[in-house]
Amino acid sequence: MTDWLIGLMETLGAPGAGLAIALENLFPPLPSEVILPMAGFTASQGELDLLDVIVWTTIGSVVGALALYWVGAMLGRDRVIRLVERMPLLKTSDIEKTEAFFQRHGRKTVFFGRMIPVFRSLISIPAGVERMPLPMFLLLTTGGSLIWNVIFVYAGYLLGEQWHLVETYVGVGTNVVIGIVVLAVLVFIGVRVAERRKEKNASRR
């Protein structure tokens with residue numbers, strides 16, 4: 001991946017870093033925690049302009065997020081509900097609760113979600129499903145992405161050849177987020193299975 005990123009930036013310059021970040025939104029296995037610090041390191045060597053890197057990676061973030069927004073918009077609420085109805089442990093009320101949450105906290109969720117590993121890409125889909133006004137989505141996505149990109153690009157710029165340390169430390173945080181998500185899913189499944197058992201026992205009486 002490192003060789004691919006280097007080749008991309010050598011060929012396209014700062015727009016190459018932006019393209020990589022756009023792809024990262026669509027394919028999360030391409031981690032921004034690697035792309036951004038490496039772009040910052042490349043800028044520290046004088047091969048790229050630091051401001052250009054920040055601008056282009058932010059453009060890439062917005063483009064990638066916008067693509068997922070339209071995926072959510074095309075999917076739509078009705079299709080999501082039909083999908084949920086086919087899943088054994090989910091209820092339509094789960095969608096209604098999610099919608100209520102998004103209506104109250106959607107702006108904060110989109111803005112801060114752009115700075116949380118794993119959720120950075122996924123948050124664009126529910127925003128599209130709920131048809132968050134596009135100008136607001138773009139504003140929040142640009143703001144959150146800009147903060148995230150500046151931090152990681154500048155970290156790579158300052159660390160120089162030690163830029164890979166960023167990935168090491170952020171990887172710990174990413175694993176924590178994944179662990180919390182897995183735990184939450186397991187708890188949800190446990191609660192829902194217990195509810196189903198109670199319903200079955202009550203129907204037998």
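Predicted model: local features only at pLDDT ≥ 70, side-chain atom pairs only at ≥ 80, totals over all residues.
Residues are numbered from 1 along each chain as its sequence is written, and side-chain values use heavy atoms, leaving out hydrogens and water. Local features need pLDDT of at least 70 and side-chain atom pairs count only at pLDDT 80 or more, while totals for chains, interfaces and linings use all residues.

**Exercise 1.** Find which helix supplies the largest share of the nonpolar patch.

*Solution.* Start with the members: I116, V118, F119, L122, I178, V181, V182, V185, L186 and I189, with about 760 Å² of accessible area together. (Patch residues have over 30% relative accessible area and no salt bridge, and nonpolar side chains are joined within 5 Å; areas come from the Shrake-Rupley method with a 1.4 Å probe.) Next, α6 (119-122) and α9 (164-204) each supply at least two residues. Helices are DSSP runs (H or I, at least four residues). The answer is α9, with six residues.

**Exercise 2.** Work out how far R114 is from the nearest side chain of opposite charge.

*Solution.* First locate R114, in the loop between α5 (92-113) and α6. R114 is buried, meaning under 20% relative accessible area. The nearest opposite charge, E24, is 5.7 Å away, and R114 has no salt bridge (Lys or Arg side-chain nitrogen within 4 Å of an Asp or Glu carboxyl oxygen).

**Exercise 3.** Identify the side chain that N149 joins by a polar contact.

*Solution.* N149 sits in helix α8 (residues 134-159) and counts as buried because its relative accessibility is 0%. Its partner is T58, at 3.3 Å (N or O atoms within 3.5 Å, one able to donate a hydrogen and the other to accept it).

Technical notes:
Patch = residues over 30% accessible without salt bridge, like charges linked within 9 Å, V, L, I, M, F, W, Y side chains within 5 Å. Buried < 20%, exposed > 50% of the residue type's maximum accessible area, 1.4 Å probe, protein only. Lys, Arg positive; Asp, Glu negative; His and termini not counted.
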